[in-house]
Amino acid sequence: MSKKYSVVVVGLGKRGGHHISAFQASDRFEVVGICDIDEDRLAKTKAELGGDVQASTDAAPLTTSLKPDVFCFCTMPHLREPFIKMGIDGGAKLIAFEKPVADSSAAGLAVKKLIDDSGVKAVVSHQHRYGPHYAKVAEIAKSGVLGNVHTIYASSPGWMMHMASHMIDYMREYNGNAGAEWVMAQAAGDGKLGDNHPSPDYIAGFVQFANGVRGVLELGAGAPNVPEVGKWWGRNRIRVMGDGGYAEVLTNGGWRAVTGDGVASGEGAMNYAHDTPLYVQDMAEWLDDDSKVHPCNFESAYEGMEIMAGLLRSVIDGGQVALPLTDGRNELEELRKKLAGSKVLLASPDHAAEYS
Ligand SMILES: NC(=O)c1ccc[n+]([C@@H]2O[C@H](COP(=O)([O-])OP(=O)(O)OC[C@H]3O[C@@H](n4cnc5c(N)ncnc54)[C@H](O)[C@@H]3O)[C@@H](O)[C@H]2O)c1
């Protein structure tokens, strides 16, 4: 019988709940400890889980005493480094955490150093890729039917700290995870810099990938609407373009392709209940076998974080920013000064509810 891995989950909000459901539904994992600073939320989750699960408002002693195989935390973007350290100190074999990797290059570099120095496996939850429509576009992009792929365009009306991490990760996947050489960007609007996912209201930029493919990204209020998709947060497009055609995924609107084989399309919508269990199952595969590296591995996600931080640096400093980044900065802090008083112009009245 396969080994069952023990799990501690910290942060029992929306994503913590999804993770707990997926771990408990799997025969490869058992949640042995839970933590949240919100006592009501903690008590509610403990009651739902029942059994011997240990609950605490303080993650450090819980983790030290339970020494879980998997340390999973689902907290806001500013809380990464202390929990990574906690997972490593608790002897975890794998740390699973939420996107984005970090909210600055300084925090990202600190997290990378901890993970690299310890050798712990780590994954970041870019689980949209498990949706059948995302997988279909990955399959088409890899098949060669698009000919010479030259451009990958990604847009989302959702703001950067929520959505950039996802969009860049799948852009990288559709481009064979090629490294990025430089980025350049512009931004407008300081409204969302006060959000718990702090971001410029709108950022648009370019990525030069080492294989010559051009990445184009737009996130936030100035990004085009995709009115045929009902759910506003699902109005995200990633389009892979080659000289033989194109294929695109819409987060809540399926997939489409136009190639030499004709016009094709299919359904699909982002679904946590479908995607998270597959993401969790791949953790077991990687824990069982070092060669089965998780598709959402930290190393790849970190390169996405560098692209996001590089775009912000371009807004702050102007011009092109060479990657990989070699020093850490707090880009958001600098952006607050740069964008103070800046007002964004909307791409669609449909975006007004989020950017008024
Ligand atoms: N992968 C995805 O598709 C996806 C979707 C939504 C959100 N997210 C990401 O997930 C992360 C969490 O988002 P959420 O919507 O679940 O947030 P949430 O607010 O619903 O939950 C966060 C929880 O963390 C708890 N918490 C905060 N500090 C803590 C601490 N020191 N110790 C223990 N618990 C603590 C809070 O009390 C809260 O219950 C964010 O980074 C967000 O960007 C990812």
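Trainee: Let's start with Gln 127: which side chain does the side chain of Gln 127 make a polar contact with?
Mentor: Keep in mind that this is a predicted model. Gln 127 sits in the loop between β6 (121-124) and α6 (132-143). From there its side chain makes a polar contact, at 2.8 Å, with the side chain of Ser 125.

Trainee: Is Gln 127 buried or exposed?
Mentor: Leave out residues up to four places away in sequence, and Gln 127 still touches Arg 15, His 166, Tyr 170, Tyr 272, Asp 275, Thr 276 and Tyr 279. The relative accessible area of Gln 127 is 2%. Buried means under 20%, so Gln 127 counts as buried.

Trainee: On to the ligand, then. Which of the 25 residues around the ligand come nearest?
Mentor: The ligand sits in the largest pocket. Gln 127 turns up again here, as one of the residues that come nearest to the ligand.

Trainee: Now Asp 69. What joins the side chains of Asp 69 and Lys 93, and at what distance?
Mentor: Asp 69 lies in the loop between α3 (59-66) and β4 (70-73), and Asp 69 is buried at 8% relative accessible area. Beyond its neighbours within four places in sequence, Asp 69 is in contact with Lys 3, Lys 4, Tyr 5, Ser 6, Ala 92, Lys 93 and Leu 94. The side chains of Asp 69 and Lys 93 are joined by a polar contact of 2.6 Å.

Trainee: And which residue's backbone nitrogen does the side chain of Asp 69 reach?
Mentor: Ser 6 is among the residues in contact with Asp 69. At 2.9 Å, the backbone nitrogen that the side chain of Asp 69 reaches belongs to Ser 6.

Trainee: What is the relative accessible area of Gly 158?
Mentor: Gly 158 lies in the loop between β7 (149-156) and α7 (160-174). Setting aside residues up to four places away in sequence, Gly 158 touches Met 163, Leu 219, Gly 220, Trp 232, Trp 233 and Tyr 355. Gly 158 is buried, with a relative accessible area of 1%.

Trainee: How many Å separate the C-alpha atoms of Gly 158 and Gly 222?
Mentor: Along the chain, Gly 158 and Gly 222 are 64 residues apart. Their C-alpha atoms are separated by 9.9 Å.

Trainee: Last one: which residue does a cis peptide bond join to Lys 99?
Mentor: The place to look is the loop between β5 (94-97) and α5 (105-118). Omega there is about -10°, and the residue joined to Lys 99 by the cis peptide bond is Pro 100.

Note on methods
Residues numbered from 1 in each chain as written. Predicted model: local features only at pLDDT ≥ 70, side-chain atom pairs only at ≥ 80, totals over all residues. Heavy atoms only, no water. Helix = DSSP H or I, 4+ residues; strand = E, 2+ residues; numbered from the N terminus. Buried < 20%, exposed > 50% of the residue type's maximum accessible area, 1.4 Å probe, protein only. Polar contact = N/O pair within 3.5 Å; in protein donor to acceptor, adjacent residues only side chain to side chain. Contact = heavy atoms within 4.5 Å. Near = heavy atom within 4 Å. 1 Å grid on protein atoms, 1.4 Å probe; cavity = no way out; pocket = protein on both sides within 12 Å on 5 of 7 lines; lining within 4 Å. Sits in = over half its atoms within 2 Å of the grid points.
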